[in-house]
Amino acid sequence: MIGVLGPEGTFSEKAARRLSPGAEIRYFRDFEEVISAVEVGDADLGVVPLENSLEGSVGATLDSLLRHDVEIVGEINLRIRHCLLGRGGAEGVRVILSHPQALAQCRGYIKRRFPEAELRTTGSTSHAARLAQEFPEMAAIADAEAAGRYGLAVIERDVQDSDENVTRFAVVGRSAPAPTGRDKTSLALYLERTEPGALWEVLGEFATRGINLTKIESRPSRRALGDYYFFIDLEGHASDPQVKEALARIRERAAVTRVLGSYPRTD
Ligand SMILES: O=C(O)C(=O)C[C@]1(C(=O)O)C=C[C@@H](O)C=C1
C-alpha cells in the first residue's frame, strides 16, 4: 500500500500509479503525514514531491525527511500539466483555488488571464477540485483527470507558466534498496561551525574523489535565524568505496551527517 497526499486525484497519486499501477493507495492530509505513516508501518511506501523545475524544493518534504526515520528508496520525475477546472466557463470565475505549489507554477497565467480573481490555497490540487464542485464561482488548478472525478469541466488546458514543468517525487520506504551501479544518494548535513571554508571543506571531500553533486540546498535548522541544514544529492551509492570514504571524513567534521537514502537514478 502506497501513501500519498489526498484526496483522490493528486499529482502525487499519479506519480505513485506510475511507480506501481495496481497498488492500493491510501490518502493523507499532508506530506508529513505520508512520511510518518511509512515510518510507523501504516503504509509500505510513500510518494511525496521533493522539488519542481519552476519553484524549487518542497520545504515541507525536506523538513519531514529529516525528522522521521525513513529512507528515500526511489525517485519519479513527472511532467506536470495543470488545467483550470470549473463548473461553468471562464467568465464566471471569481476565485481560483489550488495547492500553493500549483498556484505558484501558474502565477503568470493567473495574473494575465484573471487579474481580478481572488486566490485561495488548498491542501492539494484535488482538494481544490472537490471544493470547486460545490461553488460555481470557484475554479481549481489541477490535473485534467481530476475533472472527471469531481464532475468539472476543463476550462483551459496547460496553464502552467512553462512546458518544462517537472516535479521530482521521492519514493519513501523503510529499507534501503540494493545498489544498481547507477544510483544517487541524498544527504542532510549540519555543520555547526561557522568559520570560513567549513562548507567548502566538506564539498572538497566529494570533489577530490570525483563524486558529482547534482543538488545542494540549504534549509533553516529551526535552531536560530541564519542557521542551516544542507541537503545534498550526489551520483553514487553510500556503499561505493569513494562515497563511503568521503562520508567518513565528513562525519569527523559535521555535527550531523544523515544519509536520507541511496536509490536508482532515473536520469
Ligand atoms: O496537490 C497535488 O496534486 C500534489 O500532489 C502536490 C504537488 C506539490 O506540492 O508539488 C505535486 C505536484 C505539483 O508540483 C503540484 C502540487
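This is a predicted model: local features need pLDDT of at least 70, side-chain atom pairs count only at pLDDT 80 or more; totals for chains, interfaces and linings use all residues.
View 1. On one pairing, E11 meets E3 in the antiparallel sense over 6 bridges, and here Glu 51 stands opposite Arg 168 in E11. Strand E5 (residues 71-79) also pairs with E11, again antiparallel, over 8 bridges; look for Leu 78 opposite Thr 167 of E11.

**View 2. The shell around the ligand.** Here 15 residues surround the ligand, and the closest are Thr 10, Ser 12, Pro 49, Ser 124 and Thr 125. Two or more shell residues come from each of helix H1 (11-19), strand E3 (45-52), helix H4 (100-105) and helix H6 (125-132). If you are thinking about residue classes, the shell has 6 nonpolar and 9 polar residues, with no charged ones. Domain 1 (2-80 + 165-173) and domain 2 (83-156) each supply at least three residues to the shell.

**View 3. An open sheet of 5 strands.** Follow the order E8-E7-E9-E6-E10, and you will find that the pairing is mixed. Strand E8 (118-121) and strand E10 (153-156) stand at the edges with a single partner strand each, so one side of each has no neighbour in the sheet. On average, neighbouring strands of this sheet are turned by 35° against each other, direction ignored.

**View 4. Strand E6 with E10, and helix H6.** Strand E6 (residues 83-86) runs antiparallel to E10, joined by 3 bridges; Gly 86 has Ala 153 in E10 as its bridge partner. Helix H6 lies across E6, strand E7 (95-98) and strand E9 (138-142), and runs at about 155° to E9.

Key: Residues are numbered from 1 along each chain as its sequence is written. A residue is near a molecule or strand if its C-beta atom, placed from the backbone, lies within 6 Å of it. Helices (H or I, at least four residues) and strands (E, at least two) are DSSP runs, numbered from the N terminus. Ala, Val, Leu, Ile, Met, Phe, Trp, Tyr, Cys and Pro count as nonpolar, Asp, Glu, Lys and Arg as charged, and the others, Gly among them, as polar. Domain bounds come from an automatic or database domain assignment. Two strands pair if DSSP finds at least two bridges between them. Axes are lines fitted to C-alpha atoms, for helices over the stretch in contact, and angles run from 0 to 180 degrees between N-to-C directions. Two residues are in contact if their C-beta atoms, placed from the backbone, lie within 7 Å.
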